[in-house]
Amino acid sequence: MRRAPTAGPDLGVYVQAIPLLVRNPSIIVIPLLMAVIGVLMGLVLSPYGGGGIGQATTGLAGFILQMLQLFGLGAACVIADDAWRNGHASFERGWSEARRRGSDLLMAALGVAIVTSLAQFVAVLVGSLIALVLGLVIYVFLIWAMPAAAVGGIPGGAAIGVSVERVRETPVPAVLTAIIAFALTYVTVRYASPYLTQLLLPYLGGATIVNSLIDALLRAIAAGYIALIVTRTYTGTAFTRRW
């Protein structure tokens with residue numbers, strides 16, 4: 001049975017996700033919690049500094065942090081799916097479903113984290129330009145791994161394979177979604193965080209942790225929006241008519 005070809009991406013999804021996120025701030029709760037845990041991890045591990053132990057500790061912490069962020073994104077996808085279906089998401093219902101799918105979310109997150117870590121290792125060997133292309137390709141093909149495990153009923157160990165399959169069948173919405181998610185995560189948040197920190201720091205007593213917490217909040221908001229668009233675009237490709 002072959003999947004029916006889609007007419008193209010529904011551009012309205014990317015606009016509709018904005019007011020939907022505003023009406024359902026619960027979508028960002030778990031990503032925010034994961035981000036704050038990451039901030040606390042950074043504070044705990046910072047005394048180790050450089051050297052072999054420090055580098056090993058930093059590398060392991062980075063991997064764990066990525067796992068936390070991916071799990072937060074997967075949980076947000078569960079709540080985002082509820083928001084798309086009903087217009088208003090129930091955090092209690094979403095969190096209960098996320099816990100039920102917890103092992104699959106963790107397995108999918110582990111798979112994505114391992115693939116991206118291997119890609120970063122290869123990038124060190126092959127040079128910056130090839131590394132950039134490789135990173136973008138991997139980012140695109142993994143874009144639907146977390147929603148596949150979160151709302152697609154896919155076992156966590158198979159989420160990457162399903163994401164690759166969906167991207168090959170419907171590449172245009174995958175590429176568009178990946179571009180928006182990448183820009184929001186690595187461009188908007190990167191430049192917005194220092195600006196907000198500079199704006200708010202005089203009113204907060206100059207606390208150095210403020211910068212990290214503002215960054216965590218912005219990343220959680222970005223993760224909430226990304227959860228909405230990846231969930232909607234994934235379900236749009238995964239549940240199309242077959243013949």
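This dialogue goes through a predicted model step by step.

Me: What should I know before I read any values from this model?

Reply: The model is predicted, so local features need pLDDT of at least 70 and side-chain atom pairs count only at pLDDT 80 or more, while totals for chains, interfaces and linings use all residues. Residues are numbered from 1 along each chain as its sequence is written, and side-chain values use heavy atoms, with hydrogens and water left out.

Me: How many helices and strands does the chain have?

Reply: Helices (H or I, at least four residues) and strands (E, at least two) are DSSP runs, numbered from the N terminus. Here the chain has 10 helices and 0 strands, and from the N terminus on the order is α-α-α-α-α-α-α-α-α-α.

Me: How do I check the span of a helix such as H2?

Reply: The expected span is 1.5 Å times one less than the number of residues in the helix. H2 has 17 residues and reaches 24 Å from its first C-alpha to its last, close to the 24 Å expected.

Me: Which residues of H2 and H6 are buried?

Reply: An α-helix has 3.6 residues a turn, so residues three or four places apart point the same way. A residue is buried when its relative accessible area is under 20%, exposed when it is over 50%, and partly exposed in between (1.4 Å probe, protein chains only). In H2 the buried residues are Ile30, Pro31, Met34, Ala35, Gly38, Val39 and Met41, and in H6 Ala131, Ile138 and Val140 are buried. The buried residues of H6 pack against H5, helix H8 (159–169) and H9, where contact means heavy atoms within 4.5 Å. Over the chain, buried residues make up 44% of the 243 residues.

Me: Is Arg85 buried or exposed?

Reply: Arg85, which is found in helix H3, is exposed because its relative accessible area is 61%. The C-alpha atoms of Arg85 and Arg232 are separated by 9.9 Å, although these residues are 147 residues apart along the chain.

Me: How much space lies in the largest pocket, and which residues are closest to its centre?

Reply: Rolling a probe the size of a water molecule over the atoms shows where empty space is left. On a 1 Å grid over the protein atoms alone, a pocket is an open set of points where a 1.4 Å probe fits, with protein on both sides within 12 Å along at least five of seven lines, and lining residues have an atom within 4 Å of a point. The volume, which is the space filled by probe spheres set on the points, is about 1,400 Å³ for the largest pocket. Of the 45 residues that line this pocket, the closest to its centre are Gln66, Gln69, Tyr139, Thr185 and Tyr186. The largest share of the lining, 10 residues, comes from H3.
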